[in-house]
Amino acid sequence: MTWQEFKISYSRINTYLYCPQKYKLIYFDNWYIPLNADITFGHTIHGALEKYHGKKGVTLEELFESYDESWKNEGFNSPQQSFEYYLRGKKMLENYFASFQKSPAEILFTEKSFDTNIGKYRFIGIIDRIDKYPDGAYEVMDYKTHLKIWDQERVDKDLQLSFYAYACKNVFGFNPDKISVYFLSDNKKLYTERTPAQIEDAINLALDASEKITAENFEPNTSKCGFCDFKDRCKYSTAGNK
């Protein structure tokens, strides 16, 4: 692969940092992570919020309509599991709606894509939401739909949020005053900040990984095989040895 063909994205860099061999299997050999309930549910909730805010929805009923329009019965183990996830999503959106009604912020963008450069590489991504407050402050937000809430340290070190901060400054022309992860299952936000030094560290990390990817350096990291989606298929997997 040449550097002209390669594109930096959070998911690509994060996959490479997890395991270079996993990156190769997905992006070179076209292996796919099997669809499951959590993946489908996450896509559905993101889609419902994008539809609702895109249509300038006002009522809870409109939000539920967007949810129904976005719902897909794919990746679930059984009709019962699908129904349980569906009810969980309705409760999640009901709580979201109640909090959203109290927010003074204006939603500027949802699922906003960007396309810029980091060094010589194209850099692409999608930001879940960008808000602007009456005092002019900007908030960049990442939705999470899983049940487990991260601790503050993980939020403070999250690479995706550093990439978001870089994109806000270099694509949209502002430094985010607030950076948050919105854990929708608990209707709770955790806030963090990014200093210029932290953003620079993230960019350097991305550039280093990009150089290795374009050099086709795919040395497997077997320390994480037990948690890998391909642990039963990858020829380097040590999952069965533990």
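Of the 35 residues in the largest nonpolar core, which touch the most other members? Ile8, Ile13, Phe123 and Ile127 do. The model is predicted, so local features need pLDDT of at least 70 and side-chain atom pairs count only at pLDDT 80 or more, while totals for chains, interfaces and linings use all residues. Residues are numbered from 1 along each chain as its sequence is written, and side-chain values use heavy atoms, with hydrogens and water left out.

**View 1. The largest nonpolar core has 35 residues.** A nonpolar core is a set of buried Ala, Val, Leu, Ile, Met, Phe, Trp, Tyr and Cys residues joined through side-chain atoms within 4.5 Å. Buried means under 20% relative accessible area, exposed over 50%, and partly exposed in between (1.4 Å probe, protein chains only). Two or more residues each come from H1, strand S2 (106-118), strand S3 (121-132), strand S4 (138-144), helix H7 (159-172), strand S5 (178-183) and helix H8 (196-214). Helices (H or I, at least four residues) and strands (E, at least two) are DSSP runs, numbered from the N terminus. H7 gives the most to this core, eight residues. Another core, of 24 residues, lies apart from it and includes Phe41, Ala48, Leu63 and Ile107.

**View 2. Helix H1 (residues 10-18) crosses helix H2 (residues 20-27) at roughly 135 degrees.** Their axes come within 5 Å; axes are lines fitted to C-alpha atoms, for helices over the stretch in contact, and angles run from 0 to 180 degrees between N-to-C directions. H1 and H2 are therefore oblique to each other (under 35 degrees counts as roughly parallel, over 145 as roughly antiparallel, 65 to 115 as roughly perpendicular, and the rest as oblique). Ser11, Arg12, Thr15, Tyr16 and Tyr18 of H1 are in contact with Pro20, Lys22, Tyr23, Ile26 and Tyr27 of H2, contact meaning heavy atoms within 4.5 Å.

**View 3. H2 is largely enclosed by the rest of the structure, because six of its eight residues are buried.** These are Pro20, Gln21, Lys22, Tyr23, Leu25 and Ile26. The buried residues of H2 pack against H1 and H8.

**View 4. Arginine 129 is found in strand S3.** This arginine is buried, with a relative accessible area of 3%. Its side chain makes a polar contact with the side chain of tyrosine 96 (2.6 Å). Another polar contact, of 2.8 Å, joins the side chains of arginine 129 and aspartate 131. A polar contact is a pair of N or O atoms within 3.5 Å; within protein, one must be able to donate a hydrogen and the other to accept it, and residues adjacent in sequence count only if both atoms are side-chain atoms.
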